[in-house]
Structure formats: C-alpha cells, structure tokens
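Q: I have a structure open and some quick questions. Can we go through them one by one?

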Amino acid sequence: MMRTTWIIARKDLRQRIRDRSALIVGILAPLGLAAIFSFVFNPISEFEFSADYVVVDEDGGPAARLFVDQVLGGLAASDDITVEELDTVDAARALVDVELDPFSDMETADAAFVIPAGFSSAVASPDEARLEVLASRGSSTAAGVAVAIAEQFAGEIQTARVAAATAEVLGAEGDRADTGFRALAIPSLASVVDAEATSKILDGTTFYAAGLAIFFLFFTVQFGVNGLLEERHAGTLPRLLAAPIPQAAIIGGKAITAFVLGVVSMVVLVAASTLMFGAEWGNPIGVFLLILAGIFSAIGIMGIVGAFAKTAEQAGLFSSIIAVVLGFLGGTFFPIGQAGGILSQLRFITPHAWFMQGLGDLAGGNVADVLPAVVALVVFGLVCGAASFYGVRKGLSR
Amino acid sequence: MTQRTLECSGLRKVFDDLVAVDDVGFHIDAGETYGLLGPNGAGKTTSISMISGLLMRDGGTVTVGGREMTTTSTDAKALLGLVPQDIAVYPDLTARENLTFFGRLYDMDGKTLKARADEVLEIIGLSDRADDRTEDFSGGMKRRLNIGIGLLHKPALLILDEPTVGVDPQSRNAILESVEHLSREGMAVLYTTHYMEEAERLCDRVGIIDHGQIKAEGTRRELVQMVGQHDRVRLETTGSVDAAVAALDALDGVAKSDGGDGSIELLVIEAGEHLTEILSVVTESGVAVSGVDIDEPNLESVFLHLTGRALRD
Ligand SMILES: Nc1ncnc2c1ncn2[C@@H]1O[C@H](COP(=O)(O)OP(=O)(O)OP(=O)(O)O)[C@@H](O)[C@H]1O
Ligand SMILES: [Mg+2]
C-alpha cells in the first residue's frame, strides 16, 4: 500500500516538475508579489536598533529617581532610544499593549518600566522591591533590552544592599549575627512581568511574505489534489482502477503529491523571503509545524472541491473562488484582525487566519504558542480530508 | 472441467433509469478470443468495466481465474490486463516511463520490468520512440502504446475495448496480428468492436450485444446457422438452365435455386461442402459453368437479422 502510494506520488511529481505550472504558482508568483509588496510598504533599510520606552514613577523616592534620571536618562541621550515619563500605568499599558498596525504612524512603545509606590523604601529595607517591565510582544528586541536594563539595575541594588548588610554585620558583631544571612536571602529585587499583551504582530515584510505564501499554498496543493481529475481527463483513471492496488493508494498518492509540493513551495518561500527581503518568520520549528498543519488543512479543503467537481477545469474554477474568498477573509491581503467587529472574528473560519495568528503568536512567544493554531489547522485538515476522501472514494467506481 | 479464465453471468448495470447492461454473461478459456460485437451504446464498455472491477455492478457475478472480481479485489485484478477504449497514457511521460509506471503497479520491478518493457516496445513497434514523450505521438502510435501497457504484465486475461478505432489499416493489421499472436500463446482475450470484420477474423466465439443484452452467441458459423442464413452461390453459365435448376432443387443442402439469363442463383447451406456436387449436377444437365461466386453470410447480416438494424448506421 505505502509502496504503491509512493509510486503514484513519484509519477505525479515527475509530471508536475515537467509542466512547470506548479513551480510558477507555488514559488515564483508568491515570491514576486511578496517582493513587490515588501518594496512598496517597507522601503529597504539597513537594520538599526531603536527603541521607544516609557516609564511610570509611582514611587517618587530616591531609588526611583535614580533609575529614571540616571539610568534611563543616560539611555535617552542616545539618538536611537527615546524615554518618556508618563503619569499612570494605564497610559503606559495603552501604548505597549495595543493591537499594532504595522503600517500606521500611531504612537506606541516597545516597553514600559513601572516603578510601584514604596519601591524606594523597599530598597532601603530588607523587603522585596519590585520593578516591573511591560514588554510589547511585537518588538522583541527592544523589549528584551528593556528587561536587561531592569535586571542590571536590580543587580546593582542587590550588590549595594549586600555590601551594606555585610558592613553592618562586621560593625556590630554578635548583636545581629544573622543579618548577613538575611541580606543574602533577599528575594530577587526586580521581577520582570510580561505585559499580557494581545499585540502579536508581524512586521510588514513578514506579513506579506506569509500572507502570500499561505494564499498561494491553496493553489499549489491543487496540483496534487486535482491529479485524480486529471487522470480521469487523460483516460488513465480506468487503468489505475483496474490495477491490483487499493483505491486508497491512488487517493493517498495524490495527497502525498500535494503535500510534497506544498512543503517545497513553503520552505522555499520562507527561506527566500528571509534571505532576500529580511522577513522574520520566527522560530524555525514553530514555522515548520505551522507549515505542515497549514498544508494539511489546504489539502483537506481543496480535496473537497476536487471530490465534487466533475472536471479539472471546474475544480480549478471553484478552488480559485474558494482560495480567494478564504484568503481575503483570513486576512492574508491586509490585517483584517484590526478591522474589529464581526469580520475579525469571522476570519477564524479560515485556515489562513489561524496560520497568520500562529505566526504572530510565534513572533511574540515561543514554539509552544503555535500549538493552538496548529491544532486548529489539523482539525480543518482532518474534517475536510475525511469528507473529501469519502467523496472521492464514492465517485471512483460509481 | 478446467478452470475458466473468465466467467461472468447475470451482469446488470443501471444508470439512473437507463438499463445499460442487462443479464450479460459469457465465459472465456485460456487461448480463446471472445468478441463482443455491438453498435455504439450497446453496453460493451459498461460490461467490461464491471468485469475489470472498475464499476460497481447492480447484479451478477464475475470470476477471473477462479477469483471473484469486485472493485476492491486486487488478487483478481492482478490477472487482468485492460486496454481502455479511450487512450489511457500520460502525455507528459515517455513511452517507456508510461510502461514502467504501470508495470510497477503490477509489482514488477528492476531488470524484469526493464526487459519486459523493451520486449513490449518491440511488439508494438515503438522501440525507436521509447524515450519520446507520448504527447508528440501520432494517434496510431498512442493506440499501440495503449495496447502495450495492457499486455506488459502478461495477464491471463487481456481485455481490449475497441482498440483499433481511428487507426490506419497498417497499424490496425499490426494490432490484430499481435492479438492473434497473444492468443496463440495462451492468453484469453476479450475483444469488443463494432467492426464486423475484426470480430470475424479474431474471435473464436462472438457475443452479439445490443441494448445491454446478448442477443446471440457462438462461433461465426453457429451464429450464421442460428438465424438460418445460407450462402449465396452464383454460377455464370451458358446454355439452357431449366433442367439444371430442377436437378439442383432436388439436391440436399440447396434451399432455393433460380435460373436467370446466363446465370443460376442458389441459396445453399455450407456452400463449400456442396460446391463439387452442385457443379457436377449442373454440368451433367448440359450447362457449362464459366464462373462461380460465393457470398457467405456474415455477422453483419446476422446482426441485421437479430435487430433489424445495421451494425453501423
Ligand atoms: N457513467 C454513465 N452514466 C450514465 N450513463 C452511462 C454511463 N456510462 C455509460 N452510460 C450509458 O450506458 C449505455 C451503454 O454505454 P457503453 O459505453 O457501455 O456502450 P458501448 O457499447 O461501449 O458503446 P461504444 O461503442 O460507443 O463505446 C449508453 O447508453 C451510455 O449512454
Ligand atoms: Mg465503449
């Protein structure tokens, strides 16, 4: 069974390589469009670090002012970093924790430092002092720098406190012999708190590269999925059905062809857009998981069309309509998630939206964050794949 | 009784409300060629599709080499080679790649497959075009490849569905010759056609099919006799024929004789057997025969008789 499936897939792949249309649809078209979009929206610039920070000083004590004026003030002297002091945490959070639109000029911040009331007195006592950083998930580098700044400051305070406590121990022997231990046992000073940011966003280049890749994926897999209709058209289907092979191997061969075409096209697109336009897809493992799940869902959905269409032409037409509608609804052309309202919810009936969401989650988090999207895509693939398998099977020997 | 290569009975297929095949049944032994002769839409392809396990049947049984055929029975399918009516080759693959691909589906591989592909290319006369894509082939070349794929794995039963449609006389002759050759080698062949001459030349037995039913079945001779057809014999004569006609009428095997001006027309059963006798009777009656013309009835006339229609309109 596996052997036969592979024999059929290999034959199909050879045909697809020969007729070259899969190459055009799967790789050249999306890459070309991504290049155009990326050029239009992101004029090519050299990479340079820049960060916009805000700080909220609810304490006002000496330790707090030290941090704001000396540490952050020093940073702000550089051209690439801005620091703005705000009055309330809410105002800071509003700048950090927003649904970012990569193309708007709206003012945003990469991270916010929050110095809670009582910070200075806590520093002066053995109590735990907290310095919070609200990091925007969208700008991981700048946010990471903010965390590092806070940790550095915490480290310096800790050193100072240990020194002070040690002096005290040495100065008043016997009296407070346990002070040294107490000082050393002071909990970590600054705890860094991630903002519960919903802002998971891709930069413009990555957005268009990813959007076009998933959009064209639905066309690319058709070259595999519609193979059965092509066999019918070429008259070779009776031959396959008369051969001593399970029907599932015929269908499986087409699915594998679609899968291989999908993987090749997506991997090439990810690599090319990264190297050529500086797209940032994120953790390769997470991206690969999303790609596999995305292809799976595309095969399932396009398989249904293939199962119920009568000819390859008909399937091509229906598939194109569906691919465009899903792509549009799924926000592969523009970030529909920010449109708000029903459309931004409705988009989750498309695999495209899950794929884009998954990439966003990946950009703002780690590999595990892609799992919801991967699961959603796999469910799409399973449900639609089962339906199309059933439909195709039924149509084969009517 | 030896095992039949193909045995089918009671085949039935209904499309919506059209009964395409209705109670079709026959058998084929090894080395035997069976013809299904019928006009367009008679149900030949539908019957074949059920026999080869492509199509679910609404009734009937099929066994190939004693194994029951269904749409999922791979062991029965392994014994069968199918040459579909519509050319079934991949245009973007070469002739050899086409053969190799289908050969693999029949569990052939490696050297055996390569050797057999070469052999088949030789048989179908495409050795020099083996590595060209078939999209550049002529219709006849594609037809020949279409047949080649069907016999690649040396099936016990070869089914050919109108394999010579649209083929020039030379290619057609080559195809018929290779079928005759395969049959001599012991292959059972099921051959559908609406060319009466092909059925007469190739087939040991013929089933005449129309409107989904087998109207009659047997050897050509049996079929002809079944419908009471006679050979038509025409004698070119000189002299008075009346006495000769009277004498001929009394002869065994002569159904009817008519004297004309310078000729005698006879309807005879088995003209070949009675011809010497006829000629001597005529000569004895003092008539000189200058020419003999025998018209054997053919399947065309049988078909006409059975259905009231010509095989091809
Ligand atoms: N898939 C189908 N759906 C509906 N009707 C069909 C189908 N296949 C065949 N038929 C009908 O069944 C009848 C028999 O068709 P079939 O193809 O078996 O004839 P045939 O003897 O092979 O004719 P031909 O010599 O033209 O190939 C025809 O009336 C045809 O229209
Ligand atoms: Mg037919």
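Q: How far is a polar side-chain atom of B:T45 from an oxygen atom of ligand 1?
A: The distance is 2.6 Å. That is a polar contact, meaning a pair of N or O atoms within 3.5 Å; within protein, one must be able to donate a hydrogen and the other to accept it, and residues adjacent in sequence count only if both atoms are side-chain atoms.

Q: What about B:T46 and ligand 1?
A: An N or O atom in the B:T46 side chain sits 2.5 Å from a ligand oxygen. B:G41 uses a polar backbone atom instead, 2.8 Å from an oxygen of ligand 1.

Q: Which residues come nearest to ligand 1?
A: B:K44, B:T45, B:T46, B:Q85 and B:E162, out of 13 residues around the ligand. Near means that a heavy atom of the residue lies within 4 Å of the molecule or strand.

Q: Where do these values come from?
A: This is a predicted model: local features need pLDDT of at least 70, side-chain atom pairs count only at pLDDT 80 or more, and totals for chains, interfaces and linings use all residues. Side-chain values use heavy atoms, without hydrogens and water; residues are numbered from 1 along each chain as its sequence is written, with chains lettered from A and ligands numbered from 1 in the order written.

Q: New topic. What is the strand order in the open sheet of chain B?
A: It is 12-13-11-14, four strands with antiparallel pairing. Strands pair if DSSP finds at least two bridges between them. Strands (E, at least two residues) and helices (H or I, at least four) are DSSP runs, numbered from the N terminus.

Q: Why is one side of strand 12 and of strand 14 in chain B left without a neighbour?
A: Strand 12 (254-260) and strand 14 (288-295) of chain B are at the edges, so each has a single partner strand.

Q: How many bridges join strand 11 to strand 14 in chain B?
A: Seven, and the two strands run antiparallel. B:R232 stands opposite B:D295 in strand 14 of chain B.

Q: On to chain A. How many helices and strands does it have?
A: It has 17 helices and four strands. Of its 398 residues, 49% are buried, meaning under 20% relative accessible area, with exposed over 50% and partly exposed in between (1.4 Å probe, protein chains only).

Q: Which residues of helix 17 in chain A are buried?
A: Among them are A:A373, A:F380, A:C384 and A:L396.
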